[in-house]
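Subject: Structure for your review

Dear colleague,

Please find below the structure that I promised to pass on to you. My notes follow it.

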Amino acid sequence: MNLPDPTTQAPATHVRAASRADVTRTLPEETAVAMVYGGSTQAVMMATPADLEDFAVGFSLTEGIVTDPAQIERLEVLAHPRGVEAQMWIADDRTDALAARRRFMAGPVGCGLCGIDSLEEAVRALPDLSGAGPVLDASQIARATDDLRGWQPLHDRTRAVHAAGFMIPGRGIVLAREDVGRHNALDKLIGAMARQGMDAGQGAFVLTSRVSVEMVQKCALAGGAVLIAVSAPTAHALRLAHGAGITLAAFARGEGFDLFSHPERLRAEVSDVA
């Protein structure tokens with residue numbers, strides 16, 4: 001089986017001020033990549049399906065599994081229907097390092113799936129949120145990420161953290177959390193909402209980051225039917241949003257945004273243009 005292409009063309013509706021236009025965007029692919037040593041999966045990361053041999057060697061070195069590329073005696077990259085396996089066989093004297101890494105493994109802040117050890121879990125089934133969620137004005141979506149800026153005190157001090165906020169139509173952003181990891185920020189927000197008894201189906205999640213698979217998964221599992229982000233989605237994330245019934249708006253900044261999925265939650269208040 002050949003590896004998937006690293007990019008995909010996706011249709012979207014660009015909404016700005018009082019107009020709509022059909023556009024085509026190039027989105028990066030995102031694939032579950034399992035790091036497998038001697039037949040045992042060590043971790044699964046979501047990654048662009050390109051240069052995976054380099055990825056496998058770099059992961060092995062930075063995680064201390066090997067100290068020299070020569071200690072990887074064999075490396076094969078195999079595509080499966082649910083993702084890709086980077087299968088490696090390492091020198092016998094590195095097995096202790098591998099065992100120690102497995103016992104104390106903690107996912108880096110840049111990856112939301114590093115603690116997962118199967119491709120099936122990485123692409124788990126999501127609830128269908130079709131028919132749920134609010135109907136939003138275009139202006140509410142467009143200004144959501146700008147409104148979130150007022151809820152980022154840690155970012156103002158450090159310029160080094162992401163934020164996730166919850167926006168309710170007519171009220172704006174009502175709650176937000178920050179973290180160096182975009183996945184962590186969303187987890188914190190969902191936890192805070194749960195503790196306060198807030199219903200994710202009544203508003204929209206707003207992100208300062210791109211939209212990756214795990215961000216859509218977290219949104220869906222929390223019951224959020226609308227996801228608004230300042231940056232682009234990956235192609236895989238968009239497919240998940242379509243399937244889960246999630247309205248996905250990206251490049252939301254200033255007066256405009258691109259609407260990628262489930263436009264039924266956008267109030268019909270603008271005219272179409274060629």
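In which strand is Phe166 found? The residue belongs to strand β7, residues 162-168; helices (H or I, at least four residues) and strands (E, at least two) are DSSP runs, numbered from the N terminus.

Before the details, two remarks on the basis of these notes. The model is predicted, so local features need pLDDT of at least 70 and side-chain atom pairs count only at pLDDT 80 or more, while totals for chains, interfaces and linings use all residues. Residues are numbered from 1 along each chain as its sequence is written, and side-chain values use heavy atoms, with hydrogens and water left out.

Overall composition

The chain has nine helices and 13 strands. Of its 274 residues, 49% count as buried (buried means under 20% relative accessible area, exposed over 50%, partly exposed in between, with a 1.4 Å probe and protein chains only). Among contacts (heavy atoms within 4.5 Å) with a separation of 6 or more, 55% are between residues 24 or more positions apart.

Buried positions

Phe166 is buried, with a relative accessible area of 1%.

Leaving aside neighbours within four places in sequence, Ala91 is in contact with Gln71 and Glu73. Of these, Glu73 lies in strand β5, residues 72-80, and is exposed at 58%.

Helix α9 (residues 235-244) has several buried residues, including His236 and Leu238. The buried residues of α9 pack against β1 (7-16), β2 (19-28), β4 (40-47), α8 (213-222), β11 (247-253) and β12 (256-261). After the helix comes Gly245, with a positive phi near 75°.

Backbone angles

Most residues other than glycine have a negative phi. Asp51 is not a glycine, yet it has a positive phi of about 55°; it is found in the loop between β4 and α1 (52-62) and is exposed, with a relative accessible area of 55%. Arg159 likewise has a positive phi of about 55° without being a glycine. Arg159 is in the loop between α6 (153-158) and β7, and it is exposed at 58%.

Salt bridges

Side chains of opposite charge can pair when their charged atoms come close. The structure holds nine salt bridges, each being a side-chain nitrogen of Lys or Arg within 4 Å of a carboxyl oxygen of Asp or Glu. Three of them are set out here.

- Arg267 and Asp137 meet at 2.3 Å, N to O. Arg267 lies in the loop between β12 and β13 (271-272) and Asp137 in the loop between α3 (119-122) and α4 (138-142), so the pair ties together parts that are 130 residues apart in sequence. Arg267 is partly exposed, at 37%.
- Asp179 and Lys188 meet at 2.6 Å, N to O. Asp179 counts as buried at 11% relative accessibility, whereas Lys188 counts as partly exposed at 37%.
- Asp147 and Arg143 have their closest N and O atoms 3.6 Å apart. Asp147 is partly exposed at 33%, and Arg143 is partly exposed at 39%.

With kind regards
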